[in-house]
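My notebook is open, and I am going to look things up one at a time. Follow along with me if you like.

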Amino acid sequence: MSESASDELVMSLGTLCANPFELSFEHLESSLVATADAGYTGISVWPFVLGMAGVDAAWLADRLAELHLTHPVTEAAFGWLKPDRAAAAAEAASLSEYAGAVGSRELVAVTMEAELAPMDDVASCFRALCRAAADAGLGVSLEFLPWTGIPDLATAWEILQRADCDNSGIMVDTWHWFRQPGGPNPDLLRQIPAEKLRVVQLCDAAAEPPVDQDIATETMTARLLPGHGAVDFAEVLGAITGSGAAPIWFPEVFSSSLAAEGPQAMATKVLAASRSVMV
């Protein structure tokens with residue numbers, strides 16, 4: 001494939017943080033500058049970390065404009081499956097407001113629940129999130145996480161089909177793709193329409209999980225640069241672009257050791273590695 005398939009290459013801010021759940025103003029600023037300097041077109045900042053840095057969405061939008069960076073993807077809706085539907089609706093409204101402030105067009109949805117409710121109920125909840133997002137002009141890309149109740153591409157695709165929303169899609173994270181139960185499923189991926197494949201997170205995984213870490217720890221601290229592990233990028237990216245999809249390419253390499261080198265070094269390494277697998 002050629003990187004001309006899409007002009008967007010968006011850094012995940014968490015990639016540049018040794019601890020993605022802690023953020024000072026100085027680290028936020030240096031990460032934004034490093035992203036722009038390296039040549040990315042955009043960045044995605046988790047809304048909840050802005051308060052840690054002492055800024056708000058309006059400040060971020062202004063700073064992104066100064067650096068000529070976009071923020072096309074907002075991450076993430078976690079509460080859409082909660083029984084408290086009012087709380088789920090409030091989360092959707094808050095994320096939609098943030099997405100509007102920073103100019104996002106896509107909202108990511110995930111669950112951390114280990115088990116799902118009956119699939120009809122899950123589809124109903126996802127449909128409600130998609131409808132709320134549609135009112136704000138947003139698409140919703142559902143991300144599967146191997147240790148949760150939506151562990152694989154097949155489950156995510158079933159939810160999309162049952163919910164039947166025009167603005168729904170699937171985020172393919174290549175680390176989750178490799179670690180999903182049963183392994184990669186390229187035959188199913190080739191069956192999914194191009195318009196449903198709108199965001200791809202680029203990262204790599206070791207052939208075997210480390211014996212001293214659980215999967216959730218591994219995914220947040222020990223990912224590899226794209227092309228430095230066991231993911232078959234020709235297979236997975238070929239299936240995506242072969243469908244005619246032109247997704248937002250979204251490197252997300254959570255690696256404590258690499259992030260310790262600092263945002264400038266990390267941003268440059270991730271960009272070069274991402275481009276190497278996109279060709």
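**Entry 1**

Arginine 190 and aspartate 187 form a salt bridge, and their closest N and O atoms are 3.0 Å apart. By salt bridge I mean a side-chain nitrogen of Lys or Arg within 4 Å of a carboxyl oxygen of Asp or Glu. I also looked up accessibility, where buried means under 20% relative accessible area, exposed over 50%, and partly exposed in between (1.4 Å probe, protein chains only). Arginine 190 is partly exposed at 47%, while aspartate 187 is exposed at 52%.

**Entry 2: ground rules**

I wrote down that this is a predicted model, in which local features need pLDDT of at least 70, side-chain atom pairs count only at pLDDT 80 or more, and totals for chains, interfaces and linings use all residues. Residues are numbered from 1 along each chain as its sequence is written, and side-chain values use heavy atoms, with hydrogens and water left out.

Next I checked pLDDT, the predictor's confidence in each residue, from 0 to 100. The mean for the protein is 95, and 98% of its residues reach 70 or more. Over residues 1-5, however, the pLDDT is below 50. That stretch still has eleven contacts in the model beyond near neighbours in sequence, a contact being heavy atoms within 4.5 Å.

How many salt bridges does a search of the whole structure find? I got twelve. As a reminder to myself, side chains of opposite charge can pair when their charged atoms come close.

Lysine 82 and glutamate 113 make one of them, with the closest N and O atoms 2.8 Å apart. Lysine 82 is in the loop between strand E3 (73-77) and helix H4 (85-102), and glutamate 113 is in the loop between strand E4 (106-109) and helix H5 (119-135), so the pair ties together parts 31 residues apart in sequence. Lysine 82 is partly exposed at 38%, and glutamate 113 is partly exposed at 33%.

I then turned to glutamate 218 and arginine 179, whose closest N and O atoms are 2.7 Å apart in their salt bridge. Glutamate 218 belongs to helix H9 (residues 215-221) and arginine 179 to helix H7 (residues 174-179), so this pair joins parts 39 residues apart in sequence. Are these two buried or exposed? Glutamate 218 is buried at 3%, and arginine 179 is buried at 11%.

I also found a network of salt bridges linking Glu29, Arg63 and Glu66.

**Entry 3: helix H1**

Glu29 took me to helix H1 (residues 25-38), where Glu29 is listed among the buried residues with Leu28, Ser31, Leu32, Ala34 and Thr35. The buried residues of H1 pack against strand E1 (10-12), strand E2 (42-44), helix H2 (47-53), helix H3 (57-67) and helix H12 (263-278).

H1 has 14 residues and reaches 20 Å from its first C-alpha to its last, close to the 20 Å expected. The expected span is 1.5 Å times one less than the number of residues. Glycine 39 follows H1, and its phi is positive, near 110°.

**Entry 4: the sheet**

What is the strand order of the open sheet of six strands? I read E3-E4-E5-E6-E7-E8, with parallel pairing; two strands pair if DSSP finds at least two bridges between them. The edge strands are E3 and strand E8 (248-249), each pairing on one side only. Strand E7 (residues 197-201) pairs with E8 over two bridges, and valine 199 has isoleucine 248 in E8 as its bridge partner.

The peptide bond from glutamate 75 to alanine 76 is cis, with omega near -10°, and alanine 76 sits in strand E3.

Histidine 68 has a positive phi, near 60°, and lies in the loop between H3 and E3. Histidine 68 is exposed at 70%. Aspartate 164 has a positive phi too, near 55°, in the loop between helix H6 (153-163) and E6. Aspartate 164 is exposed at 64%.

Technical notes:
Helices (H or I, at least four residues) and strands (E, at least two) are DSSP runs, numbered from the N terminus.
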